[in-house]
Amino acid sequence: MKERAERNNTFFYIKIPPLPLCISYKGGKEKNIEDVHNLNILLPTQEYHNQTWTWLDLLMALKREYKQALLSQAIKEKLKFKLPVGKAEGPTGKESQADEDADKAKLLFGAKAPNIASNIEKPKKVLFGKPPKN
């Protein structure tokens with residue numbers, strides 16, 4: 001009993017700041033739903049007050065909390081929709097700005113959006129030569 005009591009520690013205040021992690025994992029099969037590549041996860045801040053634990057108990061509590069955070073963020077990341085290849089590059093130039101404005105108008109006004117979107121000037125595309133000047 002005395003040996004067991006000597007292993008216990010009283011932790012008055014433990015604070016572990018948020019930890020950013022980049023995780024890659026490959027499952028046993030060729031293609032699994034559990035495969036992740038360059039998954040950026042932010043583990044939350046952990047705080048414990050007035051706990052009497054062994055070092056093993058502290059590490060097991062941290063493991064349990066971090067496992068929950070890791071699973072929830074990994075599931076959210078897996079269920080996130082992927083952008084089409086053309087949209088992944090980001091906006092460039094007046095043409096993409098006009099497309100974004102048209103998309104915003106469609107989201108905002110619904111069925112009336114084609115009338116509003118047609119009022120937005122889009123630059124004219126020319127196959128050969130210079131575009132016409134206004």
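Q: What makes Leu71, Ile75 and Leu79 a nonpolar patch on the surface?
A: A patch is built from residues with over 30% relative accessible area and no salt bridge, joining nonpolar side chains (Val, Leu, Ile, Met, Phe, Trp, Tyr) within 5 Å and like charges within 9 Å. A salt bridge would be a side-chain nitrogen of Lys or Arg within 4 Å of a carboxyl oxygen of Asp or Glu. Leu71, Ile75 and Leu79 form such a patch, with about 320 Å² of accessible area together (Shrake-Rupley method, 1.4 Å probe, only the protein chains shown counting as cover).

A quick word on the model: it is predicted, so local features need pLDDT of at least 70 and side-chain atom pairs pLDDT 80 or more, while totals for chains, interfaces and linings use all residues. Residues are numbered from 1 along each chain as its sequence is written, and side-chain values use heavy atoms, without hydrogens and water.

Q: Why is Leu71 called partly exposed?
A: Buried means under 20% relative accessible area, exposed means over 50%, and partly exposed is in between (1.4 Å probe, protein chains only). Leu71 has 48%, so it is partly exposed. You'll find Leu71 in helix H2 (helices are DSSP runs of H or I, at least four residues; strands are E runs of at least two; both are numbered from the N terminus).

Q: How do you know that Phe11 and Trp55 are an edge-to-face pair?
A: Rings of Phe, Tyr and Trp (its six-membered ring) pair if their centres lie within 6.5 Å; planes under 30 degrees apart are stacked, over 60 edge-to-face, the rest tilted. Here the centres are 5.2 Å apart and the planes sit at 75 degrees, so edge-to-face it is.

Q: Are Phe11 and Trp55 buried or exposed?
A: Phe11, at 10% relative accessible area, is buried. Trp55 has 52%, so it counts as exposed.

Q: What makes Tyr48 and Trp53 edge-to-face?
A: Their ring centres are 5.2 Å apart and their planes are at 70 degrees, so they qualify. Tyr48 is buried at 10%, and Trp53 is buried at 15%.

Q: Why does Asn50 count as exposed?
A: Asn50 has 58% relative accessibility, so it counts as exposed. Asn50 belongs to strand S4, and its phi is near 50 degrees, a positive value in a residue other than glycine.
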